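Hello,

Here is the structure we discussed. My notes on the ligand site follow.

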Amino acid sequence: MENFATVLAICRTAMRSPNPTLIRNIGKLCDALAKQGHGDQAESLSLVLATKKATDSLAPTRVVLAAASVERMTRSVQAPVDKESGAPLASVVFPGEGEKGLEPILDAPLSKAIEALVAEWQSAAMLIKAGIRPPLNLLLYGAPGTGKTALAKVIAEQMELPLVTARLDGLISSFLGTTARNIANLFEFANRYDCILLLDEFDAVAKVRDDPHELGEIKRVVNTLLQCLDDRRERGFTIAITNHEHLLDAAIWRRFDSRVEIPRPGAQSRVRMVARFLSGVPVEEVDIDFLAWLTDGRSGAEIETLCNSIKRYLVMNGTGRKSLLDALRVNALLSADHSDSPRQAIFADDSEKLARRLSSDEEIRFTQESLARLFNTTQSTISRWTRK
Ligand SMILES: Nc1ncnc2c1ncn2[C@@H]1O[C@H](COP(=O)(O)OP(=O)(O)OP(=O)(O)O)[C@@H](O)[C@H]1O
Ligand SMILES: [Mg+2]
């Protein structure tokens, strides 16, 4: 049908305040399109009706956070499945069931902002009762391995709510229209229970709608997603995560009240990370500071990988003063990942240059005494090196 996109937009807007005649007429249009062989268009329209029906069946009230209509999730609850493949659309982790010690280390201002957001979420029911609508959705974005998924898990723990994580393998189907239907089913499931819905790797389903290779399917998926996000906005908590925020559809981006970038860690966070990842290994403070200095620009996951490799080396070769630098040199040879980083290059250069660079660092303070321990030499040698 010509101008179908416009018709669909009108139907969607009209369905925000539906009445029986409207629903009957959209149903008729749907049947007519299907009969004329416009299966795709019929399905898009039926999704508009289906999402509304799901909403109605759940709603005695819009303020559902504190309402009896939202069920408490029990362990016997089954996540919905893809009708064709039977693959689950989500996995559920209950509070207390996740891995321990996951709390990501974030730079101080960011950590405070997240704390404030969680406090708001914890008081959401009270705020809603007082007529204030707190933002219930959060978009986390940033480089890979910066702790976004770990943060979502910690938020769910702090909220003491089950975490319903969308499973892309179940959600995305090669059958036309099925991905959109799966998304609607997933949201319907999440809306029924008191839980946090986590949409990790969100760009896989929320990308810009003008990709010429997607043959209309992504449009259908994103349109459904927009509708589902709108419906859920005041119903329950949603966290979406992406490494590719520039790929997100602009309308999806705007749907999120809180959009938080999780950046690569600053110097003080790196010091805390190295201390955590090397706990149990007898290293000195200056070693931790040095590793934090060296890992400028790396993600938490990369720092963890480096620390694990150092741990292995130290366990196998002893923890003498020389060993840490040796361990780092071996790691540099075994992993080409950061060979082009300027700090790695200084490290690979001679000790004198490195000592000079460290002694003038503005973020992490290295005293002559600590440098003497790091390089296993005397303070007067360090003093000579750094005077040059
Ligand atoms: N900020 C951090 N603090 C402490 N540990 C971290 C941090 N960032 C990453 N890690 C470590 O790296 C692991 C992987 O992090 P996570 O999977 O949460 O990153 P991500 O941002 O979701 O990555 P991706 O974008 O690749 O999915 C964590 O389990 C943790 O061990
Ligand atoms: Mg992740």
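In what follows, Ala, Val, Leu, Ile, Met, Phe, Trp, Tyr, Cys and Pro count as nonpolar, Asp, Glu, Lys and Arg as charged, and the others, Gly among them, as polar. On that basis the shell around ligand 1 has eight nonpolar, six polar and three charged residues.

This is a predicted model, where local features need pLDDT of at least 70, side-chain atom pairs count only at pLDDT 80 or more, and totals for chains, interfaces and linings use all residues. Residues are numbered from 1 along each chain as its sequence is written, ligands from 1 and chains lettered from A in the order written, and side-chain values use heavy atoms, without hydrogens and water.

Ligand 1 is surrounded by 17 residues (a heavy atom within 4 Å). Ile105, Lys148, Thr149, Asn243 and Glu304 are the closest.

A polar side-chain atom of Thr149 lies 2.8 Å from one oxygen of ligand 1. For Gly147, a backbone N or O atom lies 3.1 Å from a ligand oxygen.

Domain 2 (90-261) and domain 3 (267-387) each give at least three residues to the shell; the bounds come from an automatic or database assignment.

Best wishes

Terms used: Polar contact = N/O pair within 3.5 Å; in protein donor to acceptor, adjacent residues only side chain to side chain.
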